[in-house]
Amino acid sequence: MNLSIPARALGLALGAACAAGCGQAAAAAPRLDRTRLPIAEPGRPAVSELDVRNATPPPRFEVKAPEQAPNVIVILVDDLGFAGTSGFGGPIPTPTFDRLADGGLRYNNFHTTAVSSPTRAALKSGRNHHVANMGGIIETGTAFPGNTGQIPNDVAPMAEMLRLNGYSTAAFGKWHETAAWEASVSGPFDRWPTRQGFDKFYGFLGGETNHWAPFIYDGTQRVEIPEDPTYHFMTDMTNQAVDWMKFQKALTPDRPFLIYFAPGAVHAPHHVPREWISRWRGKFDQGWDALREQILARQIQRGVVPRGTPLASKPDFIPDWSTLSADQKRLFSRQFEVFAAFLEMTDHEIGRLIQAVDDVGQLENTLVIYIAGDNGTSAEGGANGMLNEMTYFNNVPEKVEDMLKVVDKWGGPETYPHMAAGWAVALDTPFAWTKQVASDHGGTKVGVAVHWPAGIRSKGGVRPQFHHVIDIAPTILEAAGLPQPTTVNGTRQRPMDGVSMIYSFDDAKARERHTTQYFEMFGNRALYHEGWFARVIHKAPWEANPRRPLNDDSGWELYDTRSDFSLVKDQAATNPQKLDELKALFLQEAKNNQVLPIDDRAIARVNAQLAGRPDLMAGRTSLTLADGMVGMSENVFLNIKNTSKTITAEIEVPEGRANGTLIAQGGRFGGWSLYIKDGVPAYHYNFLGIERTTVSGTEPLKPGKATIRFTFAYDGDGLGKGGLGTLSVNDKAVGREHIPRTQPIIFSADETADVGIDLGTPVVEAIGAERRSRFTGRIPRLTVEIPAAAAAGR
């Protein structure tokens, strides 16, 4: 479906007037009002003819996309910085990204919000992230507009606009945009993917997943993972996307599609099959300092960084590679080898999707936008990296000597790993900072490839205009010849904040149209305006507390990005008037976009009561469940951390020896389980995979009804304390043990609480997970209780 130049020129001219309600297919008859969605059906004609044989039916009303509207694929890789792809100087080959960039365009001044949920909401809506109520990740929502985590109805997603204009729509992979308290069987489902514009969703709702054992949904239904030791979610989601696309084009070849393809990769945990890892052994022994120099040289050679650009000094927290011990070098090199394999595999799987589109003859008129990162590379691995990322969230440091014991298993199912922060700084070359730091280009700037043979004449060029994720939705609408709607599903819409990028497709020197953009994330804040960049580094990912109070203006810096690409020449002292101008403009943008009040809290925002967001369990002291109630994330389950608890299971024991899980929360990398093994009841506490305690009975249960109760008496004030665990059968104590310590903040980012089975990875290896862990009897009633004082204090 190749457009001639005159037709294409006409289409783009019409598309440029989208704000006035015009489009590429404006000549279609009858003309539809696409500014109010859904498009209104015409009135039904009155019929006076009695006999149908003598009557002529009116034309059938059907909403179709504008003629020649392209298919659209938006690819959003997770946690990959500016230097992540080989096309942007990185050390890891990404042939799919490079293929698309060489056949289309590279954007080297494209920005994100610095963190996951905000970037995703801004990308899909075309509005600033606070306008979408996504000032932080969904797990840290607050009571203030701009930060609730609940996308409002007047910020309808671009996917819904396309769907209501005749597109087929599908999303695969990571979502991370459903308010934390809405992610349960009780919904509401308004902010689940299938009510945010997507006909099809196959993926996970949270911020990360175990790629060997993910908790995933098809629509709103949980998917049972196959018992296949080679299973990996990255391959699975690609298979699902390819199959959906082929099926859609087989049945409706003239209907364009939108695919949102958002891998959980390369976010931690870094999970990748061994055959991908082996080829990288020894490739990064030079360390992160030498790697930064090598990357910068390639970036300059490839034209994505201006000649003469110096490296920004890395943060003091990152040690020089030459000062590390042999053990540190060995461990850290292996961590990055696994990361490299993860990225290489991810780009390969993306390539399978692109090739499948090509194979069915659709690539020519498919607009592909490959965004290599929803933020900068993650430095949340801290100084040493982690065997188990959950240690980071529970403030438990891991030692190099302990991690080295399992270095050969790194990336496999026995690990949940992250890498040392020095590698993150390297992949954010030439900048200083990383993910979370919205006030540095290392936190926000990522490489982007745009490919559309039918719509872009230029091939292989670099576009230096400033752009932001809020520009993606307007770009797609213009490419499709669609206006920005004023009303969607009965709600008047807030206009998009972004601008279309199409003006730059065939004009490398076009004057940039996105001239002002604020940035804010957990107190890190900045403003871009006509080339100038004012910023404050408020808090690094590895710092427990902010560097200064929010009302302390002493930390502001000023850069001219037109001559200072890597932000190394602070002009705050020499140009205070310009700095004051941008600071005032930041405050104005903050007021206009619901950024205020700024919230720089960290741990406090994880606690729903302290943060002020809704909590399904607020004020509850008990939760009564039964067999088959599974898939409950920590955000919708009774919070049993840092307090006493009682679990009472009323069960029916089958003939023979009973086996299986009564209730479990978490998994291999932290959690607890009440279970029966060979007829004997037991409770097991798994502290971050580091320390395990079992409280067990001594005799098998007899067939029939039984009551199993476990009580935990918390040791006292403070977080993460231990306590005395007592196991009883029919009100008779059968086991007692002291549990030394407990996880204070989180068990898992993706594993759940389940009754009658342990989904995902096993809390108790001897019981197993999934089908193997299913209880062989019945559980008519199971109650989890905490003291009233604990419930009142949350």
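Predicted model: local features only at pLDDT ≥ 70, side-chain atom pairs only at ≥ 80, totals over all residues.

Entry 1: I began with an open sheet of 5 strands, which I read in the order E24-E23-E22-E21-E28, with antiparallel pairing. Which strands stand at the edges? I found E24 (691–696) and E28 (753–755) there; each has a single partner strand, so one side of each lacks a neighbour in the sheet. From one strand to the next, I noted an average twist of 10 degrees.

Entry 2: I then took E22 (residues 670–677) and E23 (residues 680–687), which pair in the antiparallel sense over 7 bridges. Looking across to E23, I saw that Trp-672 stands opposite Tyr-685.

**Entry 3: Gln-665.** I located Gln-665 in strand E21 (residues 660–667). Is Gln-665 buried or exposed? Its relative accessible area is 3%, under the 20% cut-off, so I logged Gln-665 as buried. The side chains of Gln-665 and Trp-672 are joined by a polar contact of 2.9 Å. Leaving out residues up to four places away in sequence, I listed what Gln-665 touches: among them are Glu-634, Phe-637, Ile-640, Phe-747 and Val-763, along with Trp-672.

**Entry 4: Phe-712.** Next I checked Phe-712, which lies in strand E25 (residues 704–714). Phe-712 has 7% relative accessibility and therefore counts as buried. Which residues does Phe-712 touch, beyond those up to four places away in sequence? I wrote down Thr-643, Ser-644, Lys-645, Gly-722, Gly-723, Leu-724, Gly-725, Ile-739 and Thr-742. I also took a C-alpha to C-alpha distance from Phe-712 to Glu-380: the two are 32 Å apart in space and 332 residues apart in sequence.

**Entry 5: strand E10.** I moved on to E10 (residues 445–451), where 7 of the 7 residues are buried, so the strand is largely enclosed by the rest of the structure. Both faces are covered: I found Lys-445, Gly-447, Ala-449 and His-451 buried on one side, and Val-446, Val-448 and Val-450 buried on the other. What pairs with E10? Strand E3 (residues 105–111) runs antiparallel to E10 and is joined to it by 5 bridges, with Tyr-107 opposite Val-448. Strand E9 (residues 366–372) also pairs with E10 in the antiparallel sense, over 5 bridges, and here I noted Tyr-370 opposite Ala-449.

**Entry 6: helix H13.** I looked at H13 (residues 472–480) for burial too, and 9 of its 9 residues are buried. The buried residues include Pro-474, Thr-475 and Glu-478. Just after H13, I spotted Gly-481 with a positive phi of about 75 degrees.

**Entry 7: helices H5 and H8.** How do H5 and H8 lie relative to each other? The axes of H5 (residues 233–251) and H8 (residues 326–359) come within 10 Å and cross at roughly 10 degrees. That angle is under 35 degrees, so I put the two helices down as roughly parallel. On the H5 side, the contact includes Met-234, Thr-238, Val-242 and Lys-246, while H8 contributes residues including Met-345, Glu-349, Arg-352 and Val-357. By class, I recorded 8 nonpolar, 4 polar and 3 charged residues in this contact.

Technical notes:
Residues numbered from 1 in each chain as written. Heavy atoms only, no water. Axes fitted to C-alpha atoms, helices over the stretch in contact; angles between N-to-C directions. Helix = DSSP H or I, 4+ residues; strand = E, 2+ residues; numbered from the N terminus. Parallel < 35°, antiparallel > 145°, perpendicular 65-115°, else oblique. Contact = heavy atoms within 4.5 Å. Nonpolar A, V, L, I, M, F, W, Y, C, P; charged D, E, K, R; others polar. Buried < 20%, exposed > 50% of the residue type's maximum accessible area, 1.4 Å probe, protein only. Pairing = 2+ DSSP bridges. Polar contact = N/O pair within 3.5 Å; in protein donor to acceptor, adjacent residues only side chain to side chain.
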